[in-house]
Amino acid sequence: MAIYYPDGTNSNTGRQVQVVMATDTTYRSAGEGTSILAVQCSITPKDNNNKILVQTHFTCHGPAEDWIIKLQRSGSTIGSSDNGTVNRNGIVGGSSRGGGWEMKNHSLVYLDSPGTTSTVTYAVYPRFTGGSGTIGVNRTFSSTGGDSDGTRAVMVLTEVAV
């Protein structure tokens, strides 16, 4: 369906074709060097020229160390830094420098060109990049008592006509 403008012209460009959303409340954690799934969502583009707008929000917690967050499309990392002088590339990163366990909110926005009409799955993977301890997603480190705040990861995929 085309968008009609007041001057009588029309265009499909920029039209929202479909929107899908996934949430994840599964607690996952890992030590240094291991990636963990925060959230994933699948979409089947209607046209191989269309773009997919990936939007996600999740909480990661960890000790006073760093983590890198990777975005994957059907198992391949996309959107990461192209800085060849660093050994830890990601689309975004996180750090906890308070001297103890901290929760950090992360948002990620990426406009992708999958070039297919086959189903693609987008997934977000934080990875603890150094130090001791673990990082976790989708709730705080402690699952009971006063420190049992639960969090939810969300991913929204919007197909946009071009």
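User: Which strand pairs with β6, and in what sense?

Analyst: In general, two strands count as paired if DSSP finds at least two bridges between them, strands being DSSP runs of E with at least two residues and helices runs of H or I with at least four, both numbered from the N terminus. In this predicted model, strand β6 (residues 51-62) pairs with β13 in the antiparallel sense over seven bridges, and the β13 partner of lysine 51 is valine 160. Strand β3 (residues 16-24) also pairs with β13 in the antiparallel sense, over eight bridges, with glutamine 18 facing glutamate 159 as its bridge partner in β13.

User: What should I keep in mind about numbering and confidence before going on?

Analyst: Residues are numbered from 1 along each chain as its sequence is written, and side-chain values use heavy atoms, with hydrogens and water left out. Because the model is predicted, local features need pLDDT of at least 70 and side-chain atom pairs count only at pLDDT 80 or more, whereas totals for chains, interfaces and linings use all residues.

User: Is strand β13 mostly covered or mostly uncovered?

Analyst: A residue is called buried under 20% relative accessible area, exposed over 50%, and partly exposed in between, using a 1.4 Å probe and protein chains only. Strand β13 (residues 153-160) is mostly covered, since six of its eight residues are buried, and across the 162 residues of the protein 36% count as buried.

User: How many salt bridges does the structure hold, and which residues form them?

Analyst: A salt bridge here is a side-chain nitrogen of Lys or Arg within 4 Å of a carboxyl oxygen of Asp or Glu, and the structure holds two. In one, arginine 73 meets aspartate 112, with the closest N and O atoms 2.6 Å apart; this pair links distant parts of the chain, as arginine 73 lies in strand β7 (residues 66-73) and aspartate 112 in strand β10 (residues 102-112), 39 residues apart. Arginine 73 is partly exposed at 21% relative accessible area, while aspartate 112 is buried at 3%. In the other, the side chains of arginine 28 and aspartate 24 meet at 3.0 Å, N to O, where arginine 28 is partly exposed at 22% and aspartate 24 is buried at 11%.

User: What does the secondary structure of the whole protein come to?

Analyst: The protein has zero helices and 13 strands. Taking a contact as heavy atoms within 4.5 Å, 78% of the contacts between residues at least 6 apart in sequence join residues at least 24 apart.
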